[in-house]
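Here is a short briefing to read alongside the model. Please keep the viewer open as you go through the points.

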Amino acid sequence: HVTVRAWNAAGSYVDVASDGIVMDVSPPLGLRVAHTDFSAEATAAGTEISFQQSTDSLAVSWGFRDYESDVALVRWRVFERDGQGGPDQLVHDWMNAGKATSAVLEGLTLNHGSRYIAEVEAFNGAFLSTRLRSEGVRIDLTAPDVSAAALDLTRMLAIGGDGDGQGAAGAGFAAAAKAALAAEEEGEEDEGGVLFTTQAHSVHVEWSGAADDESDLLMYEVAIGHGARGEELLRFTAAGAKSATGVLIDGPSMRILDPHVAGDEAAATVRIDGALAATTRAAAGDDD
């Protein structure tokens with residue numbers, strides 16, 4: 001605090017004191033810079049995303065703290081990293097955000113496969129500043145590549161009317177399934193392409209080879225129908241994270257086959273309208 005005393009010629013005086021100043025010799029504390037989706041709730045909460053499909057907008061949120069003189073001003077800018085090893089390229093120079101904790105930049109032209117990075121600088125009341133950069137958000141406009149994917153439906157298990165495949169009816173169904181599989185291995189199919197038909201059975205499906213170079217795989221879904229991409233018997237249902245390798249569907253329950261899950265027993269419940277009745281080779285993804 002500073003006090004000033006003023007005198008007049010008659011020997012009287014008056015004191016005036018300032019409101020005081022706070023010594024602040026440290027810059028703001030940088031907490032985070034995150035890319036978010038475009039909902040107000042996600043932006044305000046700072047929910048971070050690493051990939052997006054929008055090519056004309058970026059949403060960014062940040063957090064800074066200053067215990068002495070508060071955050072007085074924030075500005076931010078955007079860089080592009082194309083993944084070719086060159087330096088980051090400036091996409092949009094400094095923008096004043098006032099004291100806001102988030103912002104959306106529109107009217108951009110963002111490139112597929114590139115990563116966009118937000119750099120945010122916060123100033124405190126003493127005009128000391130701190131800069132933070134985001135990890136970046138990558139633009140991914142393509143679906144996963146399944147050109148090398150393999151879907152194996154040959155490990156199906158037939159279960160008879162008694163539910164365990166051991167009764168007379170069950171043995172018949174099992175024999176029919178084995179015969180159909182043997183015929184398929186020799187390049188033949190049963191009439192209509194049906195491997196087997198029964199009132200209730202388990203279906204064991206395995207896959208491999210899918211990939212996504214931009215944003216990696218997130219999860220798998222499984223559907224079962226009479227034709228390619230059909231969903232008559234089972235609508236598309238979540239079937240595990242990117243490390244899953246298959247599912248075993250047995251009536252109304254589904255066991256996810258995932259070597260990264262302890263005991264390989266991740267389970268989910270599947271609602272199926274009626275018993276699974278038939279499976280064809282077209283369910284493997286034949287486009288015909």
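In which loop is Ser114 found? Ser114 lies in the loop between β8 and β9, where strands (E, at least two residues) are DSSP runs numbered from the N terminus. This is a predicted model, in which local features need pLDDT of at least 70 and side-chain atom pairs count only at pLDDT 80 or more, while totals for chains, interfaces and linings use all residues. Residues are numbered from 1 along each chain as its sequence is written, and side-chain values use heavy atoms, with hydrogens and water left out.

**Ser114 and its surroundings**

- Ser114 counts as buried because its relative accessibility is 5%; buried means under 20% relative accessible area, exposed over 50%, and partly exposed in between (1.4 Å probe, protein chains only).
- The Ser114 side chain makes a polar contact with the side chain of Glu80 at 2.8 Å. Such a contact is a pair of N or O atoms within 3.5 Å; within protein, one must be able to donate a hydrogen and the other to accept it, and residues adjacent in sequence count only if both atoms are side-chain atoms.
- Setting aside neighbours within four places in sequence, Ser114 is in contact (heavy atoms within 4.5 Å) with Glu80, Arg81, Asp82, Val137, Arg138 and Ile139.

**An open sheet**

- Three strands make up an open antiparallel sheet in the order β3-β5-β8; two strands pair if DSSP finds at least two bridges between them.
- At the edges are β3 (29–36) and β8 (102–106), each pairing on one side only.
- On average, neighbouring strands of this sheet are turned by 20 degrees against each other, direction ignored; the axes are lines fitted to C-alpha atoms, and angles run from 0 to 180 degrees between N-to-C directions.
- Seven bridges link β3 and β5 in the antiparallel sense.
- Opposite Thr36 stands Ala59 in β5.

**Positive phi in loops**

- Most residues other than glycine have a negative phi.
- Asp70 is not a glycine, yet has a positive phi of about 65 degrees. Asp70 sits in the loop between β5 (57–65) and β6 (71–81), and counts as exposed because its relative accessibility is 51%.
- Phe127, also not a glycine, has a positive phi of about 65 degrees. The loop between β9 (115–124) and β10 (129–133) holds Phe127, which counts as exposed at 60% relative accessibility.

**Asp216 and Phe51**

- Asp216 is placed in the loop between β14 (202–208) and β15 (219–224), and is partly exposed with a relative accessible area of 41%.
- Asp216 and Phe51 are 165 residues apart in sequence, and 9.8 Å apart in space from C-alpha to C-alpha.

Terms used. Helices (H or I, at least four residues) and strands (E, at least two) are DSSP runs, numbered from the N terminus.
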